[in-house]
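Morning, everyone. I'd like to walk you through some aromatic rings and the helices around them. Please have a look at the slide.

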Amino acid sequence: MLTATYILVSLSVEQASIRMSLLAFQNYMHVQLRHQSQLSLAQLQYAGDWLNRLYQGGYWRKLEMYLIPAIRQAAPHADGLLNEINGLNHAALESINVVQQRAGAAIDHSELQAEQLCAAIDAFCAVLLQRLEKEERELFALARKVIVGEAWFAIAYQFLAHDARAREARRGRAQVLPFVLPAPLPAPLSTPLQAADGSAETAADGAASAPPVPLQPLRAQA
């Protein structure tokens, strides 16, 4: 059915945008932190803030808002697959909590290693990339089997309404996704921060510029 194909192609574009955002953020942080051993609290808060934004952004995808509810309604037996996907979300949240805990340790003047922060970021990106792959490989195939007829048209209508609201929202505020290269991160006084190299710039090539986001306490939730 053409409507089903349109919906799944639209979702694939959305998935690709999120994948690029994750990889751009991961590459940028590696470039910034590769020559540092100790981190400042501001750096940890910055990383945690962007991890939280990327994580929470997953809940505003059209897949989460419209396709998954339709699958639940059409196929109650799909709970196993949906629980696996939800488990990957929780694993990503654990990586955010690691960064949050290290930010708390920084307040106590504990030594913090850039390598540990990069490991938490890598774990976060790995599980979300795994989630995207599982959704595309298994969830899309399941949707084609269990969603039929008028249900596809209802989803398509929801997509069109969603896109119209998104266009209206973009007129008044910046989007959370995709990740874009910000101003250089604050560096500890003892170790100047290295500038991003060309690979980091290429990863986010074409993304819209956005002003630096003020640092806020982390409030990641499942």
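**Rings, charges and a helix pair**

Let me start with one residue. Y59 has 28% relative accessibility, so it counts as partly exposed. Keep in mind that this is a predicted model.

Y66 and F159 form an aromatic pair. Their centres are 6.0 Å apart, with 55 degrees between the planes, and that counts as tilted. This pair links distant parts of the chain. Y66 sits in helix α3, residues 62-74, and F159 in helix α6, residues 150-170. They are 93 residues apart. Y66 and F159 are both buried.

How many aromatic pairs are there in total? The count is 2. Y55 and Y59 make an edge-to-face pair, at 5.6 Å centre to centre and 75 degrees between the planes. Y55 has 2% relative accessibility, so Y55 counts as buried.

Now the charges. K62 lies over the face of F159, 4.9 Å from the ring centre. R53 lies over the face of W50, at 5.8 Å from the ring centre.

How do α3 and α6 run relative to each other? Their axes come within 11 Å and cross at roughly 165 degrees. The cut-off for roughly antiparallel is over 145 degrees, so α3 is roughly antiparallel to α6. The crossing of α3 past α6 is right-handed.

Last, the contacts. From α3 we have K62, M65, Y66, L67 and A70. They meet W152, I155, Q158, F159, H162, D163 and R165 in α6.

That's it from me. Over to you.

Notes
Residues are numbered from 1 along each chain as its sequence is written. This is a predicted model: local features need pLDDT of at least 70, side-chain atom pairs count only at pLDDT 80 or more; totals for chains, interfaces and linings use all residues. Side-chain values use heavy atoms; hydrogens and water are left out. Rings of Phe, Tyr and Trp (its six-membered ring) pair if their centres lie within 6.5 Å; planes under 30 degrees apart count as stacked, over 60 as edge-to-face and the rest as tilted. Buried means under 20% relative accessible area, exposed over 50%, partly exposed in between (1.4 Å probe, protein chains only). Helices (H or I, at least four residues) and strands (E, at least two) are DSSP runs, numbered from the N terminus. A charge sits over a ring if NZ of Lys or CZ of Arg is within 6 Å of the ring centre and within 35 degrees of the ring normal. Axes are lines fitted to C-alpha atoms, for helices over the stretch in contact, and angles run from 0 to 180 degrees between N-to-C directions. Angles under 35 degrees count as roughly parallel, over 145 as roughly antiparallel, 65 to 115 as roughly perpendicular and the rest as oblique. A crossing is left-handed if the near helix is turned anticlockwise from the far one by less than a right angle, and right-handed if clockwise. Contact means heavy atoms within 4.5 Å.
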